[in-house]
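Thanks for asking me to look this over. Here are my notes, starting with one residue and then moving out to the whole chain.

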Amino acid sequence: MSNISFSLNRGQSLGLIGPNGAGKSTCIKLLMDFIRPDSGTISVLGNSPKKSGIRRLVGYLPETASFPPNLTVMDMLSFTGSTCDMPQQDVRVVAEKWLRYLDLWDHRTRPLRNYSKGMQQRANFAIALINDPQLLILDEPMSGLDPIGRAMISELIQHLKSEGKTIVFCSHILEDVDRLVDHILLLHKGKKLFYGTPTEFLAQENRATMTEAFVRKIQNEEGNV
């Protein structure tokens, strides 16, 4: 990846889009300090992602849930809260709030291995929100969700934006991106093809939908190789 830059203000959302292998996951790994750049700088909430304590201000939802199979969602919320120095009493209050919102409260004592994929995705969302993060980084947040679950998460993302949360999410579901983000960053083979608003992208490509604009942009780029 090279020459990629973007910025996002508080309460704004950014959609990371691009074909497989474009560099979207690499961007997320850099923001999360899972890997570090060879050159350039990264600022997360005004600080380097390497700074101690910055993770406590960030909520992260990975693309694939990876839960210890015998644990419950309450176990995971308790553990995550403790890593953010939250008192367990606060963890319980916040856990109930989000588990009820995400329709998981009645399943809180079930081992996570018995959750469906959609339930695991919603559990991941609760874990990402337990510490009341300022920044949410979501990797394919609609993965495994049925239409009702997608509507629930779409509504939640819009609610979190209204509360001033900053959100970065990667998704192949371009209709969700168009509906939920303020800006998009289109990547292809490790470079930036477009950064701006969805409306600007549609106008630039002279297309009516995000999917049509995306396909046109990538096909033109492949034709220029």
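1. Leaving aside residues up to four places away in sequence, His 188 touches Pro 19, Ala 22, Leu 193, Ile 218, Glu 221 and Glu 222. Please keep in mind as you read on that this is a predicted model.

2. Is His 188 buried or exposed? Its relative accessibility is 3%, and because buried means under 20%, His 188 counts as buried. As for its place in the fold, His 188 belongs to strand S5, which covers residues 183–188.

3. Stepping back, the protein chain has 8 helices and 6 strands. Their order along the sequence is β-α-β-α-α-α-β-α-β-α-β-β-α-α.

4. On overall dimensions, a compact globule of 225 residues would have a radius of gyration near 17 Å, so the 18 Å of the protein chain agrees with that. The C-alpha trace spans about 55 × 40 × 30 Å along its principal axes.

5. Taking contacts between residues at least 6 apart in sequence, 66% join residues at least 24 apart.

6. Finally, the surface and the charges. The protein chain has an accessible surface of about 11500 Å², and carbon and sulfur atoms account for 47% of that area. There are 26 positive and 24 negative charges, and their mean positions lie 4 Å apart.

Terms used:
Residues are numbered from 1 along each chain as its sequence is written. This is a predicted model: local features need pLDDT of at least 70, side-chain atom pairs count only at pLDDT 80 or more; totals for chains, interfaces and linings use all residues. Side-chain values use heavy atoms; hydrogens and water are left out. Helices (H or I, at least four residues) and strands (E, at least two) are DSSP runs, numbered from the N terminus. The radius of gyration is taken over C-alpha atoms; the globule rule is 2.2 Å times the number of residues to the power 0.38. Contact means heavy atoms within 4.5 Å. Accessible areas come from the Shrake-Rupley method with a 1.4 Å probe; for residues, only the protein chains shown count as cover. Lys and Arg count as positive and Asp and Glu as negative; His and the chain ends are not counted. The place of a charge is taken as NZ of Lys, CZ of Arg, CG of Asp or CD of Glu. Buried means under 20% relative accessible area, exposed over 50%, partly exposed in between (1.4 Å probe, protein chains only).
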